[in-house]
Amino acid sequence: MKEIFRHHDITRVNYCRELLEAAGIPTMLRNEHLVHGVIEIPIPEFYPNLCVMKDADYERGWKILNEDAKASEKDPGPDLACPHCGEMNPGNFAACYSCEKPLLSPK
Ligand SMILES: [Zn+2]
């Protein structure tokens, strides 16, 4: 098992987890429980972090996360308000990270 991503925002960690799981890479979340009910823990050691179960998946998973980060830097578009729950989402999200309903792009 190897840590591949760490961030104070659990929604970002969850998003990366979904990307990896969608690519068939088994993952595990650590420290997830520590952020429940807490806005932000300013200690990186306690940030939620994502691990790949098999070290052999690490390189492939890292590439997937990297390519996704690059793609979202290129054209994130304007933030979209979720039509279902009102949560703001980055413009390149296809589904609301909060309620997981599809986002309607104004484009
Ligand atoms: Zn929503």
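**A cysteine and its surroundings**

Modeller: Cys96 lies in the segment after β5 (88-89), where a strand is a DSSP run of E of at least two residues, a helix is a run of H or I of at least four, and both are numbered from the N terminus. This is a predicted model, in which local features need pLDDT of at least 70 and side-chain atom pairs count only at pLDDT 80 or more, while totals for chains, interfaces and linings use all residues. Residues are numbered from 1 along each chain as its sequence is written.

Cys96 has 20 C-beta neighbours inside 10 Å, so Cys96 counts as buried. The scale calls a residue buried if 20 or more other C-beta atoms lie within 10 Å of its own, exposed if 12 or fewer, and partly exposed in between, with C-beta atoms placed from the backbone. Leaving aside neighbours within four places in sequence, Cys96 is in contact with Cys82, His84, Cys85, Glu87, Asn89, Lys101 and Leu103; contact here requires C-beta atoms, placed from the backbone, within 7 Å.

Most residues other than glycine have a negative phi, and most peptide bonds are trans. Glu100 counts as exposed because it has 11 C-beta neighbours inside 10 Å.

Now the rest of the chain. The protein has two helices and five strands, and along the sequence they follow the pattern β-α-β-β-α-β-β. Of its 107 residues, 14% count as buried. Among contacts with a separation of 6 or more, 44% join residues 24 or more positions apart.

Three of the strands form an open sheet in the order β1-β3-β2, with antiparallel pairing; two strands pair if DSSP finds at least two bridges between them. β1 (2-6) and β2 (27-30) stand at the edges with a single partner strand each, so one side of each has no neighbour in the sheet. Direction ignored, neighbouring strands of this sheet are turned by 30° against each other on average, the axes being lines fitted to C-alpha atoms (for helices over the stretch in contact) and angles between N-to-C directions running from 0 to 180 degrees.

On one side of β3, the antiparallel pairing with β1 has four bridges, and Lys2 has Val52 as its bridge partner in β3. β2 likewise pairs with β3 (residues 49-52) in the antiparallel sense over four bridges. There, Leu29 stands opposite Leu50 and Arg30 has Asn49 as its bridge partner.

Leu50 leads on to the largest nonpolar core, whose eight residues are Ile4, Phe5, Val13, Cys16, Leu20, Leu50, Cys51 and Val52. A nonpolar core is a set of buried Ala, Val, Leu, Ile, Met, Phe, Trp, Tyr and Cys residues joined through C-beta atoms within 7 Å. β1, α1 (10-22) and β3 are the elements that give two or more residues to this core. Leu50 itself touches Ile4, Phe5, Val13, Cys16, Arg17, Thr27 and Leu29, not counting residues up to four places away in sequence.

The loop between β2 and β3 holds Asn31 and Glu32. Asn31 has a phi near 70°, again positive in a residue other than glycine, and it counts as partly exposed because it has 16 C-beta neighbours inside 10 Å. Glu32, with 15 such neighbours, also counts as partly exposed. Leaving out residues up to four places away in sequence, Glu32 touches Ile10 and Pro48. The C-alpha atoms of Glu32 and Phe46, 14 residues apart along the chain, are separated by 9.1 Å.

Last, the confidence. Mean pLDDT for the protein is 85, and 85% of its residues reach 70 or more; pLDDT is the predictor's confidence in each residue, from 0 to 100. Confidence is highest in β3, at 96, and lowest in helix α2 (residues 58-74), at a mean of 87.

Notes: Contact = placed C-beta atoms within 7 Å.
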